[in-house]
Amino acid sequence: MKILVHVCCAPDAVYFLQRLKEDFPQAEITAFFYDPNIHPYEEYKLRLVETKRVCQNLGITLIEGEYDVEGWLKAVKGLEDEPERGKRCEVCFDYRLSRSIEYAKQIGATHYTTTLLMSPKKDLRVLSEVGSHLAKNFGIEFLALDYRKGGGTQEMFKLSKNMEIYHQDYCGCIYGLFKQKKENAMWDLVSFFGGRRPASKEEKLFIKEVRLFAEGLDLKCKEWDFSFINWKLLHASLKVGESSIPFLVQPFSRSIKGVLKADVEEVIQNTIYYNKGGLKVLLVQELKDMPLEEVSILSDPTFLVSVDYKEKLLQNRIRAELQAEICWDTSSVLLIGDANSEYMIGFPADTLQDGSGISFEQICRFIEDRLSELKEKRLSIALLGAQSLGRAGSKFLKERIGREPTVVADYRSQNALIPSKEDPSLANSYS
Ligand code: SF4
């Protein structure tokens, strides 16, 4: 018996696949992640990585299907306004299952099924009808398994919580997302300045990818989510006359209403104070973003500009635009290894406004290099979310486990610090 399982997401898969293994111990099971209905791509990747983690844990082979989002959009055209569980969802199931069954046929599977059957929000009857109807045409049997009953749903939530699986807060497609979150949906769809800004999907994905890698090496991992006050830059511009000035915005600067036209009021050392709206320009030797050690409660709109532009700024009227948002948000910390390890090294999981940050490859190399120390509890690694905004990740860890990393890697580690065995602050751990 060979079973192909279409997988929609990790929370739905975790219990379903475990039960399937128990109920069909002789079967060869292959999981197939085919979900071009998920938007945006970062969310798709996040659900895929978590599914990989579930399959890795259960020893099940996982195949990723094509992310043919355009084909899916064409299939549901005209059904955009349908409610969830309506006609669009039927087409969506049909689309995903029919391609899954084609793949099942291709690999010689005798049976197929889908983890969608596990979802409390999906109509089991509709899914069974669609699945069985498609199966007939391909000479494959559809397994309409109801693993929700008999406490299955509770078991699924329990397992999902134990494994600290990412839990999505919308079904998947752009239409469902807008219906559910209205104007807040933009935060799920848009990454305003690239990189992995605090509390972004990219930051979460990074943490999950590193976790998958570490668990693949049999390293113990623990992940926590924490709330913090986030500052998000939406739009900014700075002009003198008609020419744009390169700049960065100081985090926690408040928004400017419309376009602010202002003249220089005073220059004190490296700060130019303007005569309107509390606007300030800090002149810096090198224009690069720096992590905030502490969050200040002062929030005048503040731009960082290279000192090379000083003369130009002093001679002309400035025009500034700035739109930012402050909100409660959620970020995460991942601890790899033992919380009581002799030494702990921190890596920022987020990136700065200019995109600087630690790469996935750097962390993986570091983990591989220090594998024996990690396993011997001499060393642990903390991936710190929202670290650039007042060391949020470090502070959370201190509160949660009573200690902070011995040293935290620099955001610009390409040419600066990734803690090495020779690092004096870690010398004892390797002596
Ligand atoms: S709401 Fe969910 S099931 Fe329905 S069309 Fe969107 S992604 Fe598919």
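**Strands S1 and S2.** I looked up how strand S1 (residues 2–7) meets strand S2 (residues 28–33): they run parallel, joined by six bridges. Strands here are DSSP E runs of at least two residues, helices are H or I runs of at least four, and both are numbered from the N terminus. I checked His-6 and found its bridge partner in S2 to be Phe-32.

**The model.** This is a predicted model: local features need pLDDT of at least 70, side-chain atom pairs count only at pLDDT 80 or more, and totals for chains, interfaces and linings use all residues. Residues are numbered from 1 along each chain as its sequence is written.

**The sheet.** I traced an open sheet of five strands, ordered S3-S2-S1-S4-S5, with parallel pairing. Two strands pair if DSSP finds at least two bridges between them. Strand S3 (61–64) and strand S5 (141–142) are at the edges with a single partner strand each, so one side of each has no neighbour in the sheet.

**Helix H1.** I compared spans for helix H1 (residues 10–23). At 1.5 Å a residue, its 14 residues should span 20 Å, and its end C-alpha atoms are 20 Å apart, which agrees. The expected span is 1.5 Å times one less than the number of residues.

**The ligand.** Which residues surround the ligand? I listed Asn-37, Glu-84, Arg-88, Cys-89, Cys-92, Cys-171, Gly-172, Cys-173, Tyr-175 and Gly-176. A residue is near a molecule if its C-beta atom, placed from the backbone, lies within 6 Å of it. Helix H4 (87–106) and helix H7 (174–181) are the elements giving two or more residues to this shell. H4 gives the most, with three residues.
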